[in-house]
Amino acid sequence: MTDNSSNAPTAMERFIQGILPENPTYRQLLGLCPTLAVTNGLKAALTMAAATGFVLLCANVMTSLIRGLLKPHLRIVVFTLTIATFVTIADRFLAAYLYDMSKTLGPYIPLIIVNCIIICRCEVCASKQSVWVSASDAVGQSLGFALGLSSIAIVREILGTGMIFQFRILPVQWPDWVIMVLPPGAFFTFGLLLAVVNRLTEPGKK
Amino acid sequence: MDWIRENKIMQAWLVLTIALFFGAMLAGVQIKLGPTIEKNRRNETLEKVPALVLGKEGADKMAAENRPPLITPSTITVDKIGRKVYYNVYAVRDKGELKGYGIKTNGQGYADRIELLFGLNPTLDKITGLFILEQKETPGLGNKIVTDEWRSQFVDIPSFPALKVIKGKASTSGEIEAITGATISSRAVTDIINSAVSDLHQPLMNAKDN
């Protein structure tokens, strides 16, 4: 449970990896519940990404601080407790200061508790590496998650409403593809974007 | 000393310690943010009341003329068999004239309690509108109770006889169309309104006579 093995990734490597090479949405396919559920608008997607990022950062730092005391068979309990606490804090905070957003996201904020990105990072990185490395890892993964969510949200919001953040992007004549902001639109968009990402990153392809 | 090391409680000392620590942290957060959250919820209620009672146009017009209606909140306690039920009632007045009531109430939905706000006219025989404040119904099915489309069925309909939920097309204005796949949620909302209307009829009539 220490980070003195020479082949453990450094803080910078962890940070970079989270953004694209190990992007939580497109490469690890983790945390798909919020990815599909709250990406019908960019604002909701960014709020969700920020809340998840906050929880991920706090959980990673906390886990890393107590990593020397963790017992293998009790570690999952500790991770879950840690994550649930910070999710509750994020939930209360949104309800106090971003009330409308908290109502829009509804149950999906408490559901961050079961977002597997967070427990995955606790297990893979924070329970083995130093606080600094874990924090960079959390920031990298959060940026990657935000990138994943906002890319889907941008496509869905533009095609579904012709607007983004209340700014009209497509001409008024655009017949809003309502299905894009409904649940099926999430699957269409995610599937197509995933195919594009896979195509672009196919090994040996230039 | 082996029995100490083998003891399950001793092994879990870290879990117990951080559970206590996190519990204290959450209590702190709740103490700090609780009042703000409560205020947000109250403001939301007060914002919705005029439109529910006066209709959207009426409320917008008053807001544009910068003479918001006077809203007087009160709590009415109704004695039911073996228990007490509380209702938050918001009386809406314009230039001293009673325009109607906004009523906040809650009841069991399909997933969790549903909290809602509905409007009644001054003579209590018409429901003037509905707004869902809090619900955790199934996303995609039951949570359609919040949509304008479904709620528009509750605008200007007779409050007596009790509202009835039907599957398929409603033929008269006392009937509410169930959401496909969410009959329980639809029925829950309607039942909550029906029981509030029957509970409050007497107390509100008495209050007006005084």
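In helix α1 (residues 11-19) of chain A, the buried residues are Arg14(A), Phe15(A) and Gly18(A). A residue counts as buried if 20 or more other C-beta atoms, placed from the backbone, lie within 10 Å of its own; helices (H or I, at least four residues) and strands (E, at least two) are DSSP runs, numbered from the N terminus. These three residues lie on the same side of α1(A), because they cover an arc of only 100° around the axis, the arc being that of the directions from the helix axis to the C-beta atoms. In general, an α-helix has 3.6 residues a turn, so residues three or four places apart point the same way. The cover over the buried residues of α1(A) includes α6 (116-126) and α7 (131-161) of chain A.

The structure is a predicted model, in which local features need pLDDT of at least 70 and side-chain atom pairs count only at pLDDT 80 or more, whereas totals for chains, interfaces and linings use all residues. Residues are numbered from 1 along each chain as its sequence is written, and chains are lettered from A and ligands numbered from 1 in the order in which they are written.

Chain A contributes 16 residues to the contact and chain B 17 residues, two residues being in contact if their C-beta atoms, placed from the backbone, lie within 7 Å. On the side of chain A that touches chain B, the largest share, ten residues, comes from helix α4 (residues 75-97) of chain A. By class, this side of chain A has twelve nonpolar residues (Ala, Val, Leu, Ile, Met, Phe, Trp, Tyr, Cys and Pro), two polar and two charged (Asp, Glu, Lys and Arg), with the others, Gly among them, counted as polar.

In chain B, six strands form an open antiparallel sheet in the order β1-β2-β3-β4-β5-β6; two strands pair if DSSP finds at least two bridges between them. β1 (70-80) and β6 (157-158) of chain B each have a single partner strand and stand at the edges, so one side of each is left without a neighbour in the sheet.

Strand β4 (residues 113-120) of chain B is largely enclosed by the rest of the structure, because six of its eight residues are buried. Eight bridges join β4(B) to the antiparallel strand β3 (residues 97-108) of chain B, and the hairpin between them passes through four residues. Six bridges pair β4(B) with strand β5 (residues 126-134) of chain B, also in the antiparallel sense. Across this pairing, Leu117(B) stands opposite Phe131(B), and Phe118(B) has Leu130(B) as its bridge partner.

Definitions and conventions. Buried ≥ 20, exposed ≤ 12 C-beta atoms within 10 Å, placed from the backbone.
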